[in-house]
Amino acid sequence: MTPDDRALCIATGSLLRAHGAIAPCGLALTGIALGVLALTGRSLSLVACMGFGAVVLIGMLERYLWLRLKVDAGLFDALASGAFDSLQRLDGAMQRLAVRDAPRDLDERVGTTRQLMQRHAIVVACQCAMFLLALLTQDLR
C-alpha cells in the first residue's frame, strides 16, 4: 500500500469513529421504546404502540448497520496499521470467510463505507422521528 492509501485508511477509520457518536442514540431509543412497551403497552393508544414498535424494529436495522460499520472500522484500522500488506490479502481473507466475492479497490471500499454511514444516519434520524411521533400520539388511558 502506498502512503496515500494508508492516509486514506486512517482518515476513513477516524471518520467511522466520529460517526460512532450517533450509534448510542439509536440504541437508547430502542431501549426506551422497549421499556415503554413493556411497562405501559396496555395503556397506550394503538397508534402510540405501533410507533414505539416501529422504533424497536428500526432499532434492529440500526444495530445491523452499526455492526457492519464496526467491522469496516476494524478493517480500515488494520489496513492503516499494515496488518494487511495488500488489498489482495484482505480480499482473500474475506473470500475465505464467504463475506465478499469480488475484489474491490480502496476507493470503492471507502465509497461503500461512506454510503453505509449515510444510511445509518438516516435510519437513526427515522428512528428519532418515529419516537417523537409515538410520544406525541400517546394518550394514556
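Buried means under 20% relative accessible area, exposed means over 50%, and partly exposed covers what lies in between. The model discussed here is predicted.

Q: Is cysteine 128 buried, partly exposed or exposed?
A: A residue counts as buried under 20% relative accessible area and as exposed over 50%. Cysteine 128 has a relative accessible area of 30%, which means that cysteine 128 is partly exposed.

Q: How many disulfides does the structure hold?
A: A disulfide requires two cysteine sulfur atoms within 2.5 Å. For cysteine 128 the closest cysteine sulfur belongs to cysteine 25 and lies 3.9 Å away, which is too far for a bond. Over the structure, the number of disulfides is 0.

Q: Which helices are linked by the salt bridge between arginine 17 and aspartate 77?
A: The side chains of arginine 17 and aspartate 77 meet in a salt bridge, with an N to O distance of 3.1 Å. The pair links distant parts of the chain, 60 residues apart, since arginine 17 belongs to residues 3–19 and aspartate 77 to residues 46–81, that is, to helices H1 and H3.

Q: What is the N to O distance in the salt bridge of arginine 89 and aspartate 85?
A: Side chains of opposite charge can pair when their charged atoms come close. Arginine 89 is exposed, with a relative accessible area of 57%, whereas aspartate 85 is partly exposed at 44%. The two side chains meet in a salt bridge with an N to O distance of 3.1 Å.

Q: Which residue forms a salt bridge with arginine 109, and in which helix does that residue lie?
A: The partner of arginine 109 is aspartate 91, the closest N and O atoms being 2.3 Å apart.

Q: How many salt bridges does a search of the whole structure find?
A: A salt bridge needs a side-chain nitrogen of Lys or Arg within 4 Å of a carboxyl oxygen of Asp or Glu. The pair of arginine 17 and aspartate 77, at 3.1 Å, is one example, and a search of the whole structure gives a total of 4.

Q: At roughly what angle do the axes of H2 and H3 cross?
A: Helix H2 (residues 23–40) and H3 have axes that come within 8 Å, and H2 passes H3 in a left-handed crossing. The axes cross at roughly 145 degrees.

Q: How many residues of the contact of H2 with H3 are nonpolar?
A: Among the residues of H2 that take part are Ala23, Leu27, Thr30 and Leu34, while those of H3 include Phe52, Val55, Glu62, Arg63 and Trp66. Dividing the residues of this contact gives 2 charged, 4 polar and, as the number asked for, 12 nonpolar.

Q: What separates the C-alpha atoms of leucine 34 and valine 55?
A: Leucine 34 is found in helix H2 and is partly exposed, with a relative accessible area of 47%. Leucine 34 and valine 55 are 21 residues apart along the chain, and their C-alpha atoms are separated by 8.6 Å.

How values were computed: Residues are numbered from 1 along each chain as its sequence is written. This is a predicted model: local features need pLDDT of at least 70, side-chain atom pairs count only at pLDDT 80 or more; totals for chains, interfaces and linings use all residues. Side-chain values use heavy atoms; hydrogens and water are left out. Buried means under 20% relative accessible area, exposed over 50%, partly exposed in between (1.4 Å probe, protein chains only). Helices (H or I, at least four residues) and strands (E, at least two) are DSSP runs, numbered from the N terminus. Axes are lines fitted to C-alpha atoms, for helices over the stretch in contact, and angles run from 0 to 180 degrees between N-to-C directions. A crossing is left-handed if the near helix is turned anticlockwise from the far one by less than a right angle, and right-handed if clockwise. Contact means heavy atoms within 4.5 Å. Ala, Val, Leu, Ile, Met, Phe, Trp, Tyr, Cys and Pro count as nonpolar, Asp, Glu, Lys and Arg as charged, and the others, Gly among them, as polar.
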